[in-house]
Amino acid sequence: MAVIDKTTRRHRWDTKFAPYGYVAPYFLIFGVFGLFPLLYTIWVSLQERNLLDEAAAKLVWFDNYAKLMADPYFWNAMGNTLSLWLLTTVPQILFALFIAQLLNRKVRTRTLFRMGVILPNITSVAAVTIIFAQLFGRDFGLINWVLGLFGAGQIDWQAGTASSHIAIAVMVVWRWTGYHALIFLASMQAISPSLYEAATLDGASGRQQFWRITVPLLRPQIIFTTIIATTGNMRLLAEPLLFNPGAAAATGGSDRQFQTAALYLYEQGFTKYDFGYSSSIAVVLAVATVIVAGIGYLVTKRIRTE
Amino acid sequence: MRPKALALGCVALATAVVLAGCGSDTASGGKTKLTIGLFGNFGYAELLKEYAAAHPDVEISDRTASYSDHHKNLAAHLATSSGAADIEAVDTGYINQFKATPDKFVDLNTKGGDQLKERWLPWKWEGSLSKDGKQIGYGTDVGGLAICYRRDLLQNAGLPADRDQVAALWPTWQDFMNAGKKFQEKAPEGVKWFDGGPTVLNAIVGQASVGYYDKSDKIVVGENKEVKDAWNLVVDGVNAGLSSKLLYSTPVWNTGFKQGQFATVTCPAWQMAKIKDQAGPEAAGKWDVTSVPGGGGNWGGSYLTVPKSGKNVDKAVELAAWLTAPEQQAKVFKSAGLLPSIPKLYEDPSIVDFKNPYFNDAPIGKLFTDAAKKLNPQYQGPKAGDIQTAIGNAMQRVEQGKQNGEDSWRQFVGDVQK
């Protein structure tokens, strides 16, 4: 009897706790690589601390945040971040919808095209940026050469605020549009053809079908991609950093015209070694990302059928 | 019984793997693996082979990154006490920042460095000495200062090409700019007198008796008339259209050498290796070297440090001392043109009489040792590298037409005083 009792008890224990055991690895890994760094960053942001001199760190509570709120270069970086967020996220999603629509038709070598759109995404960001920085070169860049054929003057892409933002946005959009297009495409294929057939019978044009049927039914995916794109684009670092290589890379241009918040964090942390201050930038940027993603969610949630 | 034996076997195997993992710094055959982290061109490829041949128990691998990446990675590696190479090169622009935390590095004075002290120029030795007397790095090269110029471009614009006559064109930097204006009148489309304002400005600032800091580590650049005069002079040159507006050590600047976009570039000794790498063999003999306006000067030069986090500190110190020894510095001068930081070599005939065939057989030995002897070292403060970046940005704002000279200067002074 005693033996049976023991096994049933073990069985009950098993069904009760085993599920936690199965999901535990994720939470363990998240705890080590997600939660702990986050909490540690908050802790460091309350300190005055040199990157190389941990021993001399001292707790200053919210001094870093007070300094940050009064720092014009931080607000400049936040402005650039928001501008780049708009310039990247909106075209990304519009182009992705358009490309997905094209790929959803019965064209020849369809698989090849579908695979092709993901190629930019699996290319190394450093390689992409270096190539694009050359394309946008002032004296020998391909883009200026093409513009020159049409009689436009040479543009110093890195020098201007608008021109540098456009150049960086092009890199990001080029890299991520295909990824979003594939997500849209997968969902488009799940839309019942009977909806389109009925709409055709009612005399709806292709354009009307796209905006009135396809886009509303893709709402969950559009919300998802908006949030994914927002979290990615709010912390742009590699593109602006490598767009302007050299000793001054971290300042994002001669007048910080394309320095993003993530790049400002990098400058404070790794060229000025101000670990505490750069951690406070990280915390504020994380909060800002949540807010902007929330706005993106509210906007995309309004998509609906009339 | 069997499962248990299997488990035991696994434990034994796992232990063996872990032990092997711990011992991975010692390569097979008991060799010590040393890594050395460099930037740019130190001219060490041959020397490292030579050292490994003479020391069969040592295996050396080197990794080279760009100037700014190298120093930023080093800071990150030191902060986390992992990932740094056994030997890490540090440039003059960064040495002050690193020597502020000397405990991250091996104090070379405790490893026999104090006995080698006499090798180096006194100011080179002091450059890497922390406030509490710890020596964090052995000096490699010093920059010195000269002007590299394109013979063909000067000649075509009706200026002399011979190096003594060229030097006679510019006793002062003002003369240098005046010669540039003459050059620009006849220069072909797209070719400018100098590469970029920041490069010229760094050279002139490097000659000043006081630079960005005074000796008490106070930032004085805002009140420093010498620097402000240099600024005004370069701004005038930029406004007169003499600048290609390329920032040094960037890919577009490298392209500028290849495309021949500028006729002159200020030339610390290490610049010659860069020019040779960038302009390539087809430009051999087109470049020449002559003396710099305003006498001597210094820009750059480096140190080899040994981070404390390394596993083979003693062997690393030994290699660093060997690489910076007089014999090796002499070899590097001949192969890559880096000017030794060892005064004894300035009298050595094999150095003094050395001519560089790439630069039209310019007597770079005499040129640079003369300059090094005249050199009046300037005190570098803790964030000299940062300020140099900031003034470069400021000059670029003028070149890009974003600000006039005065506004840009004011913004620069405000930035560095923060």
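Helices and strands here are DSSP runs, numbered from the N terminus: H or I over at least four residues for helices, E over at least two for strands. What you see is a predicted model, where local features need pLDDT of at least 70, side-chain atom pairs count only at pLDDT 80 or more, and totals for chains, interfaces and linings use all residues. Residues are numbered from 1 along each chain as its sequence is written, while chains are lettered from A and ligands numbered from 1 in the order in which they are written.

**Stop one: a loop in chain B.** Select S82(B), in the loop between α3 (67–80) and β4 (87–91). Is S82(B) buried or exposed? S82(B) counts as exposed, because it has 10 C-beta neighbours inside 10 Å; the cut-offs are 12 or fewer for exposed, 20 or more for buried and partly exposed in between, with C-beta atoms placed from the backbone. Leaving out residues up to four places away in sequence, S82(B) touches H77(B) and S309(B) (contact means C-beta atoms, placed from the backbone, within 7 Å).

**Stop two: a helix pair.** Show α10 (residues 197–207) and α11 (residues 225–239) of chain B, which pack at about 150 degrees with axes 10 Å apart. Axes are lines fitted to C-alpha atoms over the stretch in contact, and angles run from 0 to 180 degrees between N-to-C directions. That angle makes α10(B) roughly antiparallel to α11(B), a label for angles over 145 degrees. To see them meet, pick out residues including L201(B) and I204(B) in α10(B), and W231(B) and V234(B) in α11(B).

**Stop three: another loop.** Jump to L375(B), between α17 (364–374) and α18 (384–399) of chain B. L375(B) is buried, because 21 other C-beta atoms lie within 10 Å. Beyond residues up to four places away in sequence, L375(B) touches G296(B), G297(B) and N298(B). For N360(B), 15 residues from L375(B) in sequence, the C-alpha to C-alpha distance to L375(B) is 25 Å.

**Last stop: where the chains meet.** Colour by chain and find the contact. How many residues does chain A bring to it? Chain A gives 19 residues and chain B gives 24.

Conventions: Two residues are in contact if their C-beta atoms, placed from the backbone, lie within 7 Å. Angles under 35 degrees count as roughly parallel, over 145 as roughly antiparallel, 65 to 115 as roughly perpendicular and the rest as oblique.
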